[in-house]
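Subject: A structure for you to look at

Dear colleague,

I am handing over the structure below, and I would be glad if you opened it before reading on. After it come my notes, in the order in which I would look at things.

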Amino acid sequence: MSRKICLYIIIIGLLLAFSGIANGKLLFKDDFEGDTIGDAPKNFEKIDNPTNAAAFKIDIVKDPEGKSGKVTHTFNYALCVPKSAERDNWADWTWEWDWRWSVSGFPGTAFRITGTKYYHISPRDNNKDVGFWYYDGGWNQKGALVQYDFGLNTWNRFQVVAAGDKFTFKIKRRDDATPFAKIKPLIEVQDNTLKKGPVSVAGTNTDAWMDNFIIGESEADLSFSVEPMDKLTIAWGTIKK
């Protein structure tokens with residue numbers, strides 16, 4: 001094979017590689033700017049689960065700090081998942097969102113939801129301890145509680161990464177420009193019970209607010225998959241604030 005042909009093959013390979021990075025695999029995103037104040041977010045739906053609270057409410061409101069546009073407000077806890085045809089097959093991903101609450105409680109996530117079972121990361125009601133659980137009708141803690149000063153009425157940016165049987169959780173203040181790649185994990189857990197399923201972040205036993213929800217197959221996908229003029233544009237952009 002001539003050197004010229006080899007060079008062409010290398011160039012084509014590089015172009016294809018960079019094309020794949022640029023296009024990315026964005027699974028879902030929502031900054032709630034297309035929703036109507038007072039209505040439930042149109043791109044999410046509540047699914048049945050024994051952990052859902054009867055008093056759960058979800059609606060679109062203005063950012064209580066007035067720094068963003070529209071955000072999702074929740075009261076109490078329930079599983080609310082993106083309306084995506086592929087959500088039951090979500091296996092490995094990087095997921096980020098903004099979150100704040102007004103009173104210490106038990107705000108919670110759910111991911112790899114399979115039937116009534118799911119993984120769960122949640123701060124405790126001292127507003128500092130946070131841990132990882134597997135719910136299967138009972139709460140099974142995985143690993144030790146760790147601490148972070150979440151603050152009250154404070155916007156934080158959360159990241160969860162699922163890669164096979166490994167799960168990594170990171171957090172920072174929303175206005176912190178430090179890339180998550182440079183932030184030390186707060187939680188690292190391994191468990192191989194659940195393989196895939198949708199994700200949810202909703203509520204606590206009081207008021208909570210959520211914004212800039214995005215999930216992709218990798219952190220790089222989050223960077224490259226947003227439109228330039230979108231409010232979710234990132235440098236990993238500037239979170240709308």
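Over residues 224-229 of this predicted model, the pLDDT stays under 50, and the model has 16 contacts for these residues beyond four places in sequence. A further stretch, residues 234-241, also has a pLDDT below 50, with 27 contacts in the model beyond near neighbours in sequence. Where pLDDT is low, the predicted coordinates should not be read in detail. For the chain, the mean pLDDT is 85, and 82% of its residues reach 70 or more. Among the elements of the chain, the lowest mean pLDDT, 46, belongs to helix 1 (residues 3-23), while strand 12 (residues 166-173) has the highest, 97.

Next, please look at the open sheet of 5 strands, whose order is 10-9-8-7-14 and whose pairing is antiparallel. Strand 10 (139-147) and strand 14 (199-202) stand at its edges with a single partner strand each, so one side of each is left without a neighbour in the sheet. From one strand to the next, the twist averages 15°. Strand 7 (residues 108-114) runs antiparallel to strand 14 and is joined to it by 4 bridges, and Thr109 stands opposite Val201 in strand 14.

The salt bridges come to a count of 10, and I describe some of them here. One of them is formed by Asp92 and Arg112, whose closest N and O atoms are 3.0 Å apart; Asp92 sits in the loop between strand 5 (80-82) and strand 6 (93-101), whereas Arg112 belongs to strand 7, 20 residues apart. Asp92 is partly exposed, with a relative accessible area of 40%, but Arg112 is buried, at 2%.

Which parts of the chain does the pair of Lys142 and Asp191 tie together? Their side chains meet in a salt bridge of 3.1 Å, N to O, and because Lys142 lies in strand 10 and Asp191 in the loop between strand 13 (187-190) and strand 14, the pair ties together parts that are 49 residues apart in sequence. Here Lys142 is partly exposed, with a relative accessible area of 24%, and Asp191 is buried, with 9%.

In another salt bridge, the side chains of Lys166 and Glu188 meet at 3.8 Å, N to O, linking strand 12 with strand 13 across 22 residues. Lys166 is partly exposed, at 37% relative accessible area, and Glu188 is exposed, at 52%.

With best wishes

Definitions and conventions
Residues are numbered from 1 along each chain as its sequence is written. This is a predicted model: local features need pLDDT of at least 70, side-chain atom pairs count only at pLDDT 80 or more; totals for chains, interfaces and linings use all residues. Side-chain values use heavy atoms; hydrogens and water are left out. pLDDT is the predictor's confidence in each residue, from 0 to 100. Helices (H or I, at least four residues) and strands (E, at least two) are DSSP runs, numbered from the N terminus. Contact means heavy atoms within 4.5 Å. Two strands pair if DSSP finds at least two bridges between them. Axes are lines fitted to C-alpha atoms, for helices over the stretch in contact, and angles run from 0 to 180 degrees between N-to-C directions. A salt bridge is a side-chain nitrogen of Lys or Arg within 4 Å of a carboxyl oxygen of Asp or Glu. Buried means under 20% relative accessible area, exposed over 50%, partly exposed in between (1.4 Å probe, protein chains only).
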